[in-house]
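Try each task before reading its solution.

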Amino acid sequence: MSRPYPIRAIFFGTPEFAVPTLRALCQVADVTLVITQPDRPKGRGMKLAPPPVKVLAQELGIAVEQPTKVRTPEFAARLSAEAADVAVVVAYGRILPPAVLNAPRLGCVNVHASLLPKLRGAAPIQWSIVRGECETGVCLMRMDEGLDTGPVFARSSLPIGADETSAELAERLSALGAELLQAELPHYVAGERPAVEQDHAAATLAPILRKEDGAVDWSRSARELHDLARGFSPWPSAFTFMGTSGHPAGTRLKLHRTQIADENTPHATPGQILSADRTGLVVACGRGALRLLELQAEGAKRMSAADFLVGHRLEPGAQLHTGAQ
C-alpha cells in the first residue's frame, strides 16, 4: 500500500546491497514503482529466483517491473507516466539513457559507494580495498550521462578495517547509504541541498571485475597481496597455483583469508612456502611474507589451512606460482 508522503519516488535496484536503501526510501517517500533486473537462474537446480529488491518490494506491496530493455521510448514513457519527483538508483546493474534519467521531475539520484570523484565505476568497494585505501564512504549524486560524473549533494565517510573484506565493507556501506539517503533526500527535493560539481581532474576508476584480476603475483609486497585477497573476497577471489606430482604448477588455489606475517623482511624466492603448520601457510612475497589462513583447491570446499594441510602435502621450500607454467 502506498502512503501519503510529500515525495513521490521510483526505485531502481537489484542486489541485497540495495535493499536497506529501498526500506529507507519508503520512510520518506511514496514509492510508487520499483524497477529491478529479471529473475535469474540460481543454485544447483538453476531455478529462477527473484532479485532481493523484488522480494522486498512485493513484501511492501509496491508495484514491480523487470524490463529486459531500458533504452526504449515505451519504457521512458512508462516512467514519465508515474509523475515522480525523483528516482533513486542503487546497484541496478544497467546504464540508464537520458530519456530515463530525465523522466522524474528532479531526475535520478544515485547512491554510489565511494567518495567521488574517487572510484567511479562498477566495483568501488572491491577496488577501494585492493588499492589500499584507508577510508571510503557513500555519495548521493544527481546522475548524468557520464560514468558517475554527476554533481554530488551529500556524502558520508567511514574507515576501512585493516582486515576487512569487500563483503564486510559492502554491508556497512549499504547501511550507511540508506541512512544518508533517508536523512538527505527530503532536503534535496526541497531545494535545500545544491549539487556540487565533482573535481573531474581527481577522478579514478573502479572497473568491472574480471576473474583474472585475482591472479596473485608473489613479487608484490605482503601488504598489497593481503589487500588483494580481502578486496576480492568473495569474488573473483585471489588465486595462485600449486604444484603436484603430475602438474608442476597446475592446481588453482583460492586464497579466502590471509594475514600479514611480516611486512618488510626480505625472505626467499617470492612464492616460496616458508612454513606450513596449523597456524597457516606462510609464503614469501617480494617484500615481507603472507600467511594463508583459509584456502580452497579447485573443485574442493573452502577450509582452514590446518584442514587443508591434512590432504595436501605442502612443505617449506615448495613453490606457489602466479599462473600455470
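Predicted model: local features only at pLDDT ≥ 70, side-chain atom pairs only at ≥ 80, totals over all residues.

**Exercise 1. Find which residues of helix α3 are buried, and find where they sit around the helix axis.**

Step 1. Take helix α3, residues 73-81. Pick out residues under 20% relative accessible area. In α3 these are F75, A76 and L79.

Step 2. Look down the axis of α3. The buried residues fall within an arc of 100°, so they line one face of the helix.

Step 3. Recall the helix geometry. An α-helix has 3.6 residues a turn, so residues three or four places apart point the same way.

Step 4. Turn to the face away from the buried side. There α3 carries the exposed residues P73, E74 and A81.

Step 5. Ask what covers the buried residues of α3. The cover includes β1 (8-13), β2 (30-35) and α4 (98-101).

Step 6. Check the backbone just after α3. A83 takes a positive phi of about 50° there.

**Exercise 2. Describe the largest pocket: its volume, its lining and the elements that supply the lining.**

Step 1. Start with the volume. The largest pocket holds about 1,300 Å³ of space.

Step 2. Count the lining. It comprises 43 residues, and A91, Y92, G93, G121 and A122 lie nearest the pocket's centre.

Step 3. Of the elements, α6 gives the most, with 5 residues.

Step 4. Sort the lining by residue class. It divides into 24 nonpolar, 13 polar and 6 charged residues.

How values were computed. Residues numbered from 1 in each chain as written. Heavy atoms only, no water. 1 Å grid on protein atoms, 1.4 Å probe; cavity = no way out; pocket = protein on both sides within 12 Å on 5 of 7 lines; lining within 4 Å. Points joined across faces, edges and corners; volume = space filled by probe spheres on them. Helix = DSSP H or I, 4+ residues; strand = E, 2+ residues; numbered from the N terminus. Nonpolar A, V, L, I, M, F, W, Y, C, P; charged D, E, K, R; others polar. Buried < 20%, exposed > 50% of the residue type's maximum accessible area, 1.4 Å probe, protein only. Arc of directions from axis to C-beta. Contact = heavy atoms within 4.5 Å.
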